[in-house]
Amino acid sequence: SPTPTPTTITSETDLRSFLEQNFATLNTSLGSTSFTFNIDHNTLISIPYDYWIQVDYDSTFFYDLQYSNTISTEMNNKVAEELRAHQEKLAKAVIEKMSNTKFYGGYYKSWYRYPNLKVDLITRHYYSWVNYNPPSILTKYESANVTGFAWYSLIDDSLLR
């Protein structure tokens, strides 16, 4: 029988396992897509969160969703909403399992245009969220207070067309 999911999560390893077991795939109206999870555990007083959950997505799936001429605007909007709902469900589940922990999360990918030189970093953020206030990159750790789930779309790119 499968290992029961703990009622609380107390480590980065448990957090990654929980995400992999519950949120690694999503069946959308365009078919299934999968995710991997990079978790950045913060130890600095200059950053407001404990964990940054980077939900690494299938680049081809997201690119086609935005730019393929075989996908209608209506289908684009429907699947973007399914992805948004997936991120919200993930966020609320994590917040429930680690209630006194500050999170920043969302779909995220980064790469260098010139990887051998590590020049021209490009990043994409979609459906970012936090569970602390005030949500700002200028907020210091001790000034951030745990709150409920909230979208943090300040630097997000859009999947909608």
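Where is the place of K118? K118 sits in the loop that links strand β4 (103-114) with strand β5. As the model is a predicted one, the values that follow are computed from its atoms. K118 has a relative accessible area of 60% and is therefore exposed, the limit for that class being over 50%. Its backbone also deserves attention, for the phi angle of K118 is near 50 degrees, a positive value in a residue that is not glycine. Most residues other than glycine have a negative phi, and most peptide bonds are trans.

A positive phi also occurs at Y127, where the angle is near 50 degrees and the residue is again not a glycine. Y127 belongs to strand β5. With a relative accessibility of 17%, Y127 counts as buried, because the limit for burial is under 20%.

The peptide bond leading from N133 to P134 is cis, and its omega is near -10 degrees. P134 lies in the loop between β5 and β6. T139 is placed in the loop between β5 (119-133) and β6 (145-151), and its side chain reaches the backbone oxygen of P134 at 2.8 Å. T139 is buried, with a relative accessible area of 5%. Setting aside residues up to four places away in sequence, T139 touches S46, I47, P48, P134 and A144.

Another loop, the one between β2 (31-41) and β3 (51-57), holds Y49. This tyrosine counts as buried at 9% relative accessibility. Residues up to four places away in sequence not being counted, Y49 touches D40, N42, K102, F103, Y104, Y132 and Y141. Q87 is 38 residues from Y49 along the chain, and the C-alpha atoms of the two are separated by 18 Å.

Strand β2 contains T33, which counts as buried at 3% relative accessibility. Apart from neighbours within four places in sequence, T33 is in contact with A24, T25, L26, T28, D58, F61 and L83.

The account now turns to the helices. Two packed helices are described by the angle between their axes and the distance between the axes. Helix α2 (residues 59-67) packs against helix α3 (residues 73-97) at an angle of about 140 degrees, and the axes are 9 Å apart. This angle makes α2 oblique to α3. The crossing in which α2 passes α3 is left-handed. On the α2 side the contact is made by F61, F62, L65 and Q66, and on the α3 side by N76, V79, A80 and L83. The residues of this contact comprise six nonpolar and two polar ones, with no charged residue.

Helix α1 (residues 12-23) packs with α3 as well, at an angle of about 145 degrees and with the axes 11 Å apart. Here the crossing is right-handed. L15, F18, L19 and F23 of α1 meet H86, K89, L90, A93, V94 and K97 of α3. By class, the contact of α1 with α3 has seven nonpolar residues, one polar residue and two charged residues.

Key. Residues numbered from 1 in each chain as written. Predicted model: local features only at pLDDT ≥ 70, side-chain atom pairs only at ≥ 80, totals over all residues. Heavy atoms only, no water. Axes fitted to C-alpha atoms, helices over the stretch in contact; angles between N-to-C directions. Helix = DSSP H or I, 4+ residues; strand = E, 2+ residues; numbered from the N terminus. Parallel < 35°, antiparallel > 145°, perpendicular 65-115°, else oblique. Left-handed = near helix turned anticlockwise from the far one by under 90°. Contact = heavy atoms within 4.5 Å. Nonpolar A, V, L, I, M, F, W, Y, C, P; charged D, E, K, R; others polar. Buried < 20%, exposed > 50% of the residue type's maximum accessible area, 1.4 Å probe, protein only. Polar contact = N/O pair within 3.5 Å; in protein donor to acceptor, adjacent residues only side chain to side chain.
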